[in-house]
Every structure is written in structure tokens, then in C-alpha cells.
Amino acid sequence: MKQISKMMGWCLENLVRDTIKNMQPYASARDEFKEFANPLIYLDANENPFQNGINRYPDPKQMELKRVLALQKKVTTKNILIGNGSDEVLDLLLRVFCEPNTDNVITLPPTYGMYEVLANINSIENRQVLLQFDFQPNVTSILNSVNEKTKIIFLCSPNNPTGNLFKKESVQKILENFLGLVVIDEAYIDFSEGESWLNDLNDFPNLVITQTLSKAYASAGIRVGICYASEEIISVLHKIKPPYNSNLLSQKRAIKVLKDEEAIKSQVAIIKHERTTLTEALLPIKFVSKIYKSDANFMLIKVDDATKRYKQLLEKGFVVRNRSTQPLCKNTLRITLGTPEENKKLIEVLQQIK
Ligand SMILES: *Cc1c(COP(=O)(O)O)cnc(C)c1O
């Protein structure tokens, strides 16, 4: 337990906002009675009593879904919080740990835009430490930017929009030397050759991992995001989570998609194969000056004139993302990998345009 001893001074209590520490959570009507042996007649929550499959409030603890996740990810249900998308999880983290107009967080642009948006909404200073030219974190600068008000460092790995995985040593160094929370956003981890930090959950008390069913699991429409962390961290997050944040239909559908592991695996394999195919097709294209290696289901490319190429692609019916306004991303386009048929058409178009 070398890491734990290195975490001397770690104290979750000191990180939680006083407001949250002192409040009583909303007691939802349906918390306590799930385990009763006798059939119960529920007259407690002002629901319509006629059964139609959705007339009751959903389980606020989402236990069935958590049991499926716990088994697959080899954690306990107490290490899991379900959010209405991982965006909700990120917002909950800010609201539990960051005092408005006082605390700060660190993010590493170019990265996922929601960290900045959520920090702004919650009146939290966002200290931006640019990634290096290879899109890896600058660990020394990051640690130098920490002060006593820094509560969270957001690491997105694989990173959006650059597509790369952060080096294990860099992430580990941040985990070992920061006494706030290190949130690793693993929205794209299923497309990566690298390992999830989930395997290290028990080694770092300050580690928080977010994942989602929106990308690899083909379920962006049901809004299911997952937070994995220590029991302690999860229980404070549960304290402020809206009780019915995840609806019944989403929970059911999430269980279904998770149980169909083979289907997801084969789709992910196809998408990874398409990543290679598209890379090879892009290599000879003259206006593409750089193809960044991707550990995700999208590719970032540098072109001669991103606005021009974006428009040309749009005229041919393809919507991609121009990421040129992001630091270090001048003249870049981010292209999500489509089906093999869609990618084939895209390649034809890329070869045609002049
Ligand atoms: C897409 C994306 C998410 C969004 O996840 P939801 O679960 O759909 O809210 C989170 N983080 C990153 C880096 C993403 O690209």
C-alpha cells in the first residue's frame, strides 16, 4: 500500500463543502421497503395505483443496474453512482466538493468542453493547464497550479478531441501528489488498447472514474453515466443526487445493453477496425497534414484549411466537428467513425474534393 502511505494528509471530510456536510438529504418515499418479505401496498408516494409498468417511481438507488455493473467491472455496488449521463456525475462532483466563488478545479485543454461549462455554472474557477504538443499532461505545471483551494483535477483519457490516452506514469504521479480528487473521464476507454483505471480504485482514495453508456454501449439516448469511486466518496455524492435522476426505462434498457456484452464487443471491434481503415485512407490525401493516433471512436486530423474542408464535407452530406478554436488544434477536424458503409462513402468524398 505504497500509495496510501503517500496519501498522508488525505481526508475526504476536509474536501466536502460545509453546506453538504451539514445538510439532510431528501428522504424519498421508496427508500426503505425494498427488502420486505410480505407484499406491500404502496400508498405513500401519490402515484397512480393502476399498473402499467411505469406508474411507480424508479428505484432511487438503481440497485439492479448497479449489481450488473458491479459484476462486470469487479467492484462493489457501493463503489457506484448512476447519473443521468456522465455530465450529471461531473456536475454532482463540482457541487459536492467546490465552494462557489472560492474553490478551483484544474482542466487540461484541449479537452471536453463540459468541464469548463459546469465550472462556470457553479461559479468555480477553472485553472487551465494546456496539454503538451504531444497532447500529454504537463505534470509539473499541473502540480504547480494546485493551491489550497484546488479540489478537483479533471483528466480525460482517452481525451476528447485529441483521441489519445494519457501515460500511466503521468496519471499516477498526479494521483500520488494531489490531495484533492482526480477525476478520470473514461468515456472512450472501451475503444482503447490501454487499461481502465478501475483496476486501481482500491489503491487511491482520491481516484474517481466516470464512464458512460453513450459511446461504446450505443445508448446515448437513454442518458446513463456511471461514477466509480471509494464507498466514502460515493456516499456523499448520493447525498445530493436527485433521488429519481435515472428513469425506469433507462435503467431497464441499460441492463439489457450491458447483458448483451457480445454485441457491444463486436461493434467496438468493427469501429476499431474502421479506425485503421480510415487512417490508411487518409495517409495519401494531400490536404491532410497530420493524423493523430486515436484510442477512441473518432479521429482528429490536421488539414490545410479546416473551414474550407468542413464546408466541402458538409456539401457532400457529412457533418464533422471543426475543432480549430481549441488550443493546439488549429485547422483540425474531428471525425467520428461511422458504419463501414458510411466510412467508405466518406473516404470516397475525401478523395474527390480538391
Ligand atoms: C461524450 C462525452 C461524455 C458524455 O457522456 P454522457 O454520459 O453522454 O453525458 C463525457 N465525457 C467525454 C469526454 C465525452 O466525450
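In these legends Ala, Val, Leu, Ile, Met, Phe, Trp, Tyr, Cys and Pro count as nonpolar, Asp, Glu, Lys and Arg as charged, and the others, Gly among them, as polar. The model is predicted, so that local features need pLDDT of at least 70 and side-chain atom pairs count only at pLDDT 80 or more, while totals for chains, interfaces and linings use all residues. Residues are numbered from 1 along each chain as its sequence is written, and side-chain values use heavy atoms, with hydrogens and water left out.

**View 1. The shell around the ligand.** The ligand is surrounded by 13 residues (each with a heavy atom within 4 Å of it), and this shell divides into four nonpolar, five polar and four charged. Among the polar contacts (pairs of N or O atoms within 3.5 Å), a side-chain N or O atom of Asp-185 is 2.6 Å from a ligand nitrogen, whereas ligand oxygen atoms lie 2.6 Å from a polar side-chain atom of Tyr-188 and 3.2 Å from one of Lys-215. The protein covers 94% of the 390 Å² of accessible area that the ligand has on its own (Shrake-Rupley method, 1.4 Å probe).

**View 2. The loop at Pro-243.** Pro-243 is found between helix H9 (231-240) and helix H10 (248-259) (helices being DSSP runs, H or I, of at least four residues). Leaving aside neighbours within four places in sequence, Pro-243 is in contact with Tyr-26, Ser-28 and Pro-60 (heavy atoms within 4.5 Å).

**View 3. The two domains.** An automatic or database assignment gives domain 1 (2-259) and domain 2 (262-352), and the contact takes 26 residues from domain 1 and 20 residues from domain 2.

Conventions: A polar contact is a pair of N or O atoms within 3.5 Å; within protein, one must be able to donate a hydrogen and the other to accept it, and residues adjacent in sequence count only if both atoms are side-chain atoms. Helices (H or I, at least four residues) and strands (E, at least two) are DSSP runs, numbered from the N terminus.
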